[in-house]
Amino acid sequence: MHPLTALRRQRRVSQMELGLRAGVSQRHLSCIETGRSRPTRSTLLALLDALEAPLPERNAALLAAGLAPAYSQHALDAPQLGPARDALQQLLHAPGSPPALVLDAEWNLLMANAGVQRLLDLLGLPMPEQPANLLDWLLGTGGMRSCVINEAEVCGEILHRARREALQVPALAARLAQLQAVLPSWPAPEAQTPLLLTRLHSRVGELRLFSMFSSFGAPLDVTLASLRIEHLFAADAATAAALQGAA
C-alpha cells in the first residue's frame with residue numbers, strides 16, 4: 001500500500017477531500033496512490049501537509065517516492081540542536097520552576113529538573129533509573145501509580161492519551177501492547193472538572209497537581225518535533241507549600 005494511502009485512510013479522509021485540501025485533482029491523487037504517476041516533491045509535500053502527517057511519516061513517504069527526506073533527525077546532544085537544548089534547560093531550571101520533565105514521542109524520560117526530585121522525595125519514590133520510560137513507570141506496578149489516590153481517573157486518562165498518540169508512533173503502539181496485557185481496565189475519563197487533578201499520597205499529606213505541556217512551535221527536525229515538556233503545577237496552596245518546603 002502506498003504510504004500516502006495508508007495515511008489518508010488512517011485519518012479517514014477521502015481522495016476527493018484530500019485533493020481539495022492540497023489543490024490536487026482526485027484523478028491525479030488516485031494515480032499517485034496506485035503508482036501510475038510519480039508526484040513531484042512539492043505535490044507530495046502539499047498532500048502530506050494537508051494530512052498533517054508527523055515529520056517521520058513525511059520523510060518515509062518522500063523516501064518511498066524516491067525523493068530525499070525533507071527533515072533532519074539529529075540526536076538531542078548534537079551541536080545542531082544546541083539552541084533548542086539551551087531553551088529546554090532554561091524552561092526546566094528557571095527560578096521558581098515547578099516539577100518539569102522532557103519526554104519524547106515514546107514517552108522516554110530525557111531530562112528532569114530538581115522539582116521532580118523534590119516531588120519524588122515527598123512521595124518516598126526514587127528517581128527512575130535511566131533509561132526510563134515514563135509510561136512504564138506511571139502505569140506499571142511499583143512506580144508512580146502506587147501513590148495515585150484517584151488511580152482509575154488518572155491512569156485512564158494517561159492510557160487514553162497514549163493510545164491516541166500511538167496511532168502515529170509505531171514504537172509506542174508496541175510498548176502499549178505489552179503494557180495493556182497486565183493493566184486493569186480503566187474507564188475512559190469523563191469531563192467533570194475544568195482540569196484533571198492528580199491526587200497523590202505523600203509523607204506530608206495529599207498533594208494535588210495538574211499538568212501543562214510545552215512543545216516547539218515550528219520544529220523542522222524529527223527529534224525536536226517529538227519532544228514535549230510536562231510541567232506539574234500545584235492545584236492548591238497546601239501542595240504549593242509542600243513543594244516549596246521540600247526545596
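**View 1. Helices H1 and H3 pack against each other in this predicted model.** H1 covers residues 3-10 and H3 covers residues 26-34. Their axes sit 7 Å apart, at an angle of about 115°. From H1, the residues making contact are Leu4, Thr5 and Arg8; on the H3 side they meet Leu29, Ile32 and Glu33. Sort that contact by class and you get three nonpolar, one polar and two charged residues.

**View 2. Helix H4 crosses helix H5.** Here we're looking at residues 41-50 (H4) and residues 55-64 (H5), with an angle of about 145° and axes 10 Å apart. The crossing is right-handed. H4 brings Arg41, Leu44, Leu45, Leu48 and Asp49 to the contact, and H5 answers with Arg58, Ala61 and Leu62. The tally by class is five nonpolar, no polar and three charged residues.

**View 3. Six strands make an open sheet.** Reading across, the order is E3-E2-E1-E6-E5-E4, and the pairing is antiparallel. At the edges are E3 (132-133) and E4 (198-200), each of which pairs on one side only. Zoom in on E2 (residues 108-112) and E3, and you'll find two bridges between them, again in the antiparallel sense. Leu109 stands opposite Ala132 of E3.

**View 4. Helix H6 lies across part of the sheet.** H6 is made of residues 82-93, and the strands it lies across are E1 (100-103), E2 and E6 (228-234). Relative to E2, H6 runs at about 70°.

**View 5. The largest nonpolar core has 37 residues.** Nonpolar side chains tend to be buried together in soluble globular proteins. In this core, the residues with the most contacts inside it are Leu119, Leu123, Leu135, Leu139, Met144 and Leu200. H9 gives the most, with six residues.

**View 6. Leu123 and the residues it touches.** Leaving aside residues up to four places away in sequence, Leu123 touches Met144, Cys147, Leu200, His201, Ser202 and Leu207. Two of these names, Met144 and Leu200, also turn up with Leu123 in the list of residues having the most contacts inside the largest core. There is also a second, separate core of 18 residues, which includes Leu4, Leu29, Leu48 and Leu67. Leu4 and Leu29 take part in the contact of H1 with H3, while Leu48 belongs to the H4 side of the contact with H5.

Key
Residues are numbered from 1 along each chain as its sequence is written. This is a predicted model: local features need pLDDT of at least 70, side-chain atom pairs count only at pLDDT 80 or more; totals for chains, interfaces and linings use all residues. Side-chain values use heavy atoms; hydrogens and water are left out. Axes are lines fitted to C-alpha atoms, for helices over the stretch in contact, and angles run from 0 to 180 degrees between N-to-C directions. Helices (H or I, at least four residues) and strands (E, at least two) are DSSP runs, numbered from the N terminus. A crossing is left-handed if the near helix is turned anticlockwise from the far one by less than a right angle, and right-handed if clockwise. Contact means heavy atoms within 4.5 Å. Ala, Val, Leu, Ile, Met, Phe, Trp, Tyr, Cys and Pro count as nonpolar, Asp, Glu, Lys and Arg as charged, and the others, Gly among them, as polar. Two strands pair if DSSP finds at least two bridges between them. A nonpolar core is a set of buried Ala, Val, Leu, Ile, Met, Phe, Trp, Tyr and Cys residues joined through side-chain atoms within 4.5 Å. Buried means under 20% relative accessible area, exposed over 50%, partly exposed in between (1.4 Å probe, protein chains only).
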